[in-house]
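Good morning, and thank you for making time for this presentation. I would ask you to look at the sequence and the structure together as I go through them.

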Amino acid sequence: MTEQTDLEFLRDVAASGQRAPSLSGRFFVWWGGLAAPALLAHWSIITGLIGIPAQFVGFVWLIYGVVGMIGSALLARSLSGKPGRGAVNNRGEAAAWRGVTWMVAAYAIGAVAANLLGRGHLILFDTIPLVAFAGYGLSFHVSAQLGGARWMHGAAILAWLASGFGLSLTGTPDLYLFSAAAVAVLAIIPGVVLLRGEPATEAA
């Protein structure tokens, strides 16, 4: 392959990445649709609104994680017939969100382990959604840089602001109401927008 051919190839790859519609909408809606109710359930439990012992908060998040991972794997399989799946922007976007998912999972597991070992504090759990919002911001930023919709730049800034502002609510039940609202803005609404822009069938 000559140098000129190399350059043309790289140009074509970059262009295809910018033109391909994002295929992450279903994951936004799935995870957001799970996280918002889980956050509301967390708030309802710790405020005593529904009369369930606080220990059941852990079960809420265990169910969230297990159901979320299973559903996410099934959604990934549903993308097999979508055009643009192999485009640069979709591969990069998928890698960014996958990395954020595992980052948040590792942080949450670490918080649980620290408390079980008596070396942590319950306030660590309040920081988990804030770490997630910071990760959202990073993923939106990467997606925008890879040719994503312009609104992703704004979404990245909103996610980082949510992460920072949420620190002032740690230690209070209000954090979980705030986080549920933030998830609706940063995951569910963008997910619906992206789903509407997905192509319906494999390109010929």
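Predicted model: local features only at pLDDT ≥ 70, side-chain atom pairs only at ≥ 80, totals over all residues.

Let me begin with a definition: a residue is called buried when its relative accessible area is under 20%, and exposed when that area is over 50%. Ser 24 has a relative accessibility of 9%, so Ser 24 counts as buried. Ser 24 is found in the loop that runs between α1 and α2. Its side chain makes a polar contact with the side chain of Glu 93, at 2.4 Å.

The mean pLDDT of the chain is 88, and 88% of the residues score at least 70. Where is confidence lowest, and where is it highest? The lowest mean, 53, belongs to helix α1, residues 3–19, while helix α7, residues 151–166, has the highest, at 97.

I turn next to helix α2, which covers residues 25–46. From the first C-alpha to the last, its 22 residues reach 31 Å, close to the expected 32 Å. Just after α2 comes Gly 48, with a positive phi of about 80°.

In general, side chains of opposite charge can pair when their charged atoms come close. The count for this model is 1 salt bridge. Which residues form the salt bridge? The partners are Glu 198 and Arg 26, whose closest N and O atoms are 2.6 Å apart. Because Glu 198 lies in the segment after α8 and Arg 26 in helix α2, the pair ties together parts that are 172 residues apart in sequence. Glu 198 and Arg 26 are both buried.

Ala 149 sits in the loop between α6 and α7. With 31% relative accessibility, Ala 149 is classed as partly exposed.

Finally, the surface. A nonpolar patch of about 1,000 Å² is made by residues including Leu 49, Ile 50, Phe 56, Phe 59, Leu 62, Val 66 and Leu 74. Is Leu 62, as one of these, buried or exposed? Its relative accessible area is 53%, so Leu 62 is exposed. Leu 62 belongs to helix α3, residues 57–77.

Thank you for your attention.

Terms used:
Residues numbered from 1 in each chain as written. Heavy atoms only, no water. pLDDT = per-residue confidence, 0-100. Helix = DSSP H or I, 4+ residues; strand = E, 2+ residues; numbered from the N terminus. Expected span 1.5 Å × (residues − 1). Buried < 20%, exposed > 50% of the residue type's maximum accessible area, 1.4 Å probe, protein only. Patch = residues over 30% accessible without salt bridge, like charges linked within 9 Å, V, L, I, M, F, W, Y side chains within 5 Å. Areas by Shrake-Rupley, 256 points an atom, 1.4 Å probe, with all protein chains shown as cover. Salt bridge = Lys/Arg side-chain N within 4 Å of Asp/Glu carboxyl O. Polar contact = N/O pair within 3.5 Å; in protein donor to acceptor, adjacent residues only side chain to side chain.
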